[in-house]
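Here is a friendly walk through one protein model, written for someone who likes to know the cut-offs behind each term. Please have your viewer ready.

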Amino acid sequence: MKRLMFGAALAALVFAAAGVTGSALAQTKNLSIVTGGTGGVYYPLGGGLANLLTKHVPGWQATAEVTGGSVDNLKLLGAKRADIAFSMADASLDASRGEDKFKGNVVNQRTLAVLYPNIMHVVTTEASGIKTMADLKGKRVSTGSPGSATEVMAFRVLEAAGIDKDKDLRRERLGAAESTNAVKDNKIDAYFWVGGLPTSAVTDLGATPGVKLKLVDHSEVVEKMNAKYGPLYAKGTIPASTYPGQAAPNAISSVWNILVVSDAMPDDVAYNIVKTIFEKRDEWATVHAEAKNVKLDNQLRGNTPVPFHPGAIKYMAEKGVKIDPK
């Protein structure tokens, strides 16, 4: 009898423990973060953000996924196959309007945070003979991987420079790491890449023995781009020595990166993500230096075409940053 009673008690404890475990699992919040290619900046930053959220928010489990970039990310967000998306401001504007690569498919999104400026790189080597945008005509050029915001912006830069992307180039569609390898293998002459500083794939090319890196100036296209697409773009500079062998500053175009979520995300979830980003920013920056440029001062409605999420607005207000909700 005692043995039966002990067995029953043990069984009860096992079931009770299972119930607690099941309850704990039921409360775990899984978050998918969509980023970009492995040679860019979105991917390491996304992995770092996943680690921060998993480590610092009890009951959360976040994972980062490799994607083609902004366009893919926004489509995944719209299809409810991702929770948090890295995006360039111009791609998010197209998605919110259902235009260009999102034709007929509006993505209802909200901004969690303005991140850092995304820098357009027009990358080649001294051996290619390419010194200006006009020199790209007739060359083998990658304009970015399909589903990337690099491709969107590259097309706009080319258009503003008076270059027909289909008639004037022998065009490839490769990501940053693939483009660097293709230049090394003499399969392409140049490539477009929009990302943070430094981008590992560009660093890799500059550090390759026997290769002299060349970054093509193109800041003169910004006014024409803004005249057609709205005030999304700005002139900027990649400082000399940002990349191996880069002797001179490079005059470029840039656009803000933003972190977006569905407009259906609960306010408390959005609040906790934003709180973690800003209060653990220094830890995030150990993954990539661009995290240091995610600043409260940049959380302005004018820096993103997508309204801020109410959860983000709440956190910003606590820090003395007033944001227009519209």
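## Ground rules

This is a predicted model, in which local features need pLDDT of at least 70 and side-chain atom pairs count only at pLDDT 80 or more, while totals for chains, interfaces and linings use all residues. Residues are numbered from 1 along each chain as its sequence is written, and side-chain values use heavy atoms, with hydrogens and water left out.

## Helices H2 and H9

Let us begin with a helix pair. Two packed helices are described by the angle between their axes and the distance between the axes. Helix H2 spans residues 42-56 and helix H9 spans residues 267-279; their axes come within 10 Å and cross at roughly 110°. Helices (H or I, at least four residues) and strands (E, at least two) are DSSP runs, numbered from the N terminus. Axes are lines fitted to C-alpha atoms, for helices over the stretch in contact, and angles run from 0 to 180 degrees between N-to-C directions. H2 and H9 are therefore roughly perpendicular to each other, a label for angles of 65 to 115 degrees (under 35 is roughly parallel, over 145 roughly antiparallel, the rest oblique).

Which residues make the contact? On the H2 side they are Leu 49, Leu 52, Leu 53 and His 56, meeting Ile 273, Thr 276 and Ile 277 of H9; contact means heavy atoms within 4.5 Å. By class, this contact of H2 with H9 has 5 nonpolar, 2 polar and no charged residues. Here Ala, Val, Leu, Ile, Met, Phe, Trp, Tyr, Cys and Pro count as nonpolar, Asp, Glu, Lys and Arg as charged, and the others, Gly among them, as polar.

## Inside H9

Buried residues of H9 include Val 269, Ala 270, Tyr 271 and Phe 278, where buried means under 20% relative accessible area, exposed over 50% and partly exposed in between (1.4 Å probe, protein chains only).

Val 274, also in H9, is buried, with a relative accessible area of 0%. Not counting residues up to four places away in sequence, Val 274 touches Leu 112, Ala 312, Tyr 315 and Met 316.

## Nonpolar cores

The largest nonpolar core has 82 residues, and those with the most contacts inside it include Leu 53, Ile 273 and Trp 284. Apart from it lies another core, of 17 residues, among them Ala 176, Val 183, Leu 197 and Ile 238. Such a core is a set of buried Ala, Val, Leu, Ile, Met, Phe, Trp, Tyr and Cys residues joined through side-chain atoms within 4.5 Å.

Thr 35 lies in the loop between strand S1 (29-34) and H2, and Thr 35 is buried at a relative accessible area of 0%. Ser 145, in the loop between strand S5 (140-142) and helix H5 (149-160), is buried at 16%.

The peptide bond from Leu 197 to Pro 198 is cis, with omega near -15°. Asp 100 is not a glycine, yet has a positive phi of about 55°; Asp 100 is partly exposed, with a relative accessible area of 48%. Ser 241 has a positive phi of about 70°, although it is not a glycine either, and Ser 241 is exposed at 60%.
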